[in-house]
Amino acid sequence: MPRRGLILHTRTHWLLLGLALLCSLVLFMYLLECAPQTDGNASLPGVVGENYGKEYYQALLQEQEEHYQTRATSLKRQIAQLKQELQEMSEKMRSLQERKNVGANGIGYQSNKEQAPSDLLEFLHSQIDKAEVSIGAKLPSEYGVIPFESFTLMKVFQLEMGLTRHPEEKPVRKDKRDELVEVIEAGLEVINNPDEDDEQEDEEGPLGEKLIFNENDFIEGYYRTERDKGTQYELFFKKADLMEYRHVTLFRPFGPLMKVKSEMIDITRSIINIIVPLAERTEAFVQFMQNFRDVCIHQDKKIHLTVVYFGKEGLSKVKSILESVTRFIKRILAFGEILALE
């Protein structure tokens with residue numbers, strides 16, 4: 001029995017050894033089959049079964065170079081065409097600038113008066129005719145009225161602020177300031193260098209020299225913008241020693257400024273109308289009438305006052321104040337007639 005068990009144990013040992021050798025042989029053959037190729041004509045990554053040599057890459061580079069040369073030639077041709085077109089447009093613009101239209105009203109206020117092409121001027125004048133500059137327009141209601149904004153050399157007053165905020169714009173935007181400065185300079189150009197059709201005569205100073213207006217003679221201006229037409233400007237200038245204003249109307253029809261009118265306004269016979277709405281507050285009205293007598297009646301006398309009273313309380317006192325002022329005015333006028341007769 002012990003001899004038979006030893007033989008069985010030996011056979012089992014050799015059987016396991018043979019199986020191990022067989023497995024090692026199979027594994028060795030598998031590794032040989034899966035090993036990567038090491039020759040010089042290896043295939044490109046991701047491409048199985050196709051090998052590329054030096055000639056292929058040279059042909060590819062030559063093809064890319066020909067493509068870029070063709071593209072560069074095409075771009076050079078397009079640049080040459082654009083240069084030619086630009087030169088033609090420059091010549092056309094130069095010829096248009098050299099053309100002078102005698103009847104044109106366009107004014108360039110930079111250095112000299114260069115007139116624009118006739119078709120552009122026709123369009124700009126049509127915009128002026130459509131706007132509410134020379135004639136009014138029929139509106140459906142009061143909400144269609146476009147209000148004016150006022151300005152001086154240093155301030156701009158806006159109606160859109162209403163009664164809740166101060167109407168003065170602080171600070172004035174740079175674009176708005178530059179715009180109004182340009183408009184004032186354009187108005188001075190119109191006054192100091194009038195055209196033949198302007199309704200004004202050249203005035204002379206006290207020493208016989210030509211009267212020249214400057215920025216300090218600008219009193220105030222008004223402007224409003226019609227969004228589909230342009231901006232209208234009303235400018236008023238006055239010399240301190242003259243009893244007349246210079247009124248200039250300009251219009252910017254979304255293009256260069258166009259002169260509309262330049263006239264002289266004589267204020268020696270002008271009457272100033274003052275309308276005062278009043279409700280109660282008779283004490284304040286008494287102080288107002290005192291100032292009215294001292295300033296308007298004693299100094300100017302060309303004032304027409306209209307008081308619109310609301311309500312009945314205090315109406316009799318207001319009437320008595322107005323009657324007293326009326327009698328005062330009559331006495332002044334009578335005293336002036338007596339002095340004239342003497």
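## Loop between strand 7 and helix 5

Glutamate 280 sits in the loop that runs between strand 7 (272-278) and helix 5 (282-300); helices (H or I, at least four residues) and strands (E, at least two) are DSSP runs, numbered from the N terminus. The model is predicted: local features need pLDDT of at least 70, side-chain atom pairs count only at pLDDT 80 or more, and totals for chains, interfaces and linings use all residues. Residues are numbered from 1 along each chain as its sequence is written, and side-chain values use heavy atoms, with hydrogens and water left out.

Glutamate 280 has a phi near 60 degrees, a positive value in a residue other than glycine. Arginine 281 lies in the loop between strand 7 and helix 5, and its phi is also positive, at about 45 degrees, although arginine 281 is not a glycine. Most residues other than glycine have a negative phi.

Glutamate 280 is partly exposed, with a relative accessible area of 45%, while arginine 281 counts as exposed at 59%. Here buried means under 20% relative accessible area, exposed over 50%, and partly exposed in between (1.4 Å probe, protein chains only).

## Cysteines

The count of disulfides is zero, a disulfide being a pair of cysteine sulfur atoms within 2.5 Å. Cysteine 23 is exposed, at 53% relative accessible area, whereas cysteine 296 is buried, at 15%.

## Annotated span 12-32

An unreviewed UniProt entry lists residues 12-32 as "transmembrane region". UniProt positions are given in the numbering used here, feature names are shortened, and annotations may be inferred rather than shown by experiment. In the model, residues 12-32 are 100% helix and 0% strand, and the end C-alpha atoms of the span lie 31 Å apart.
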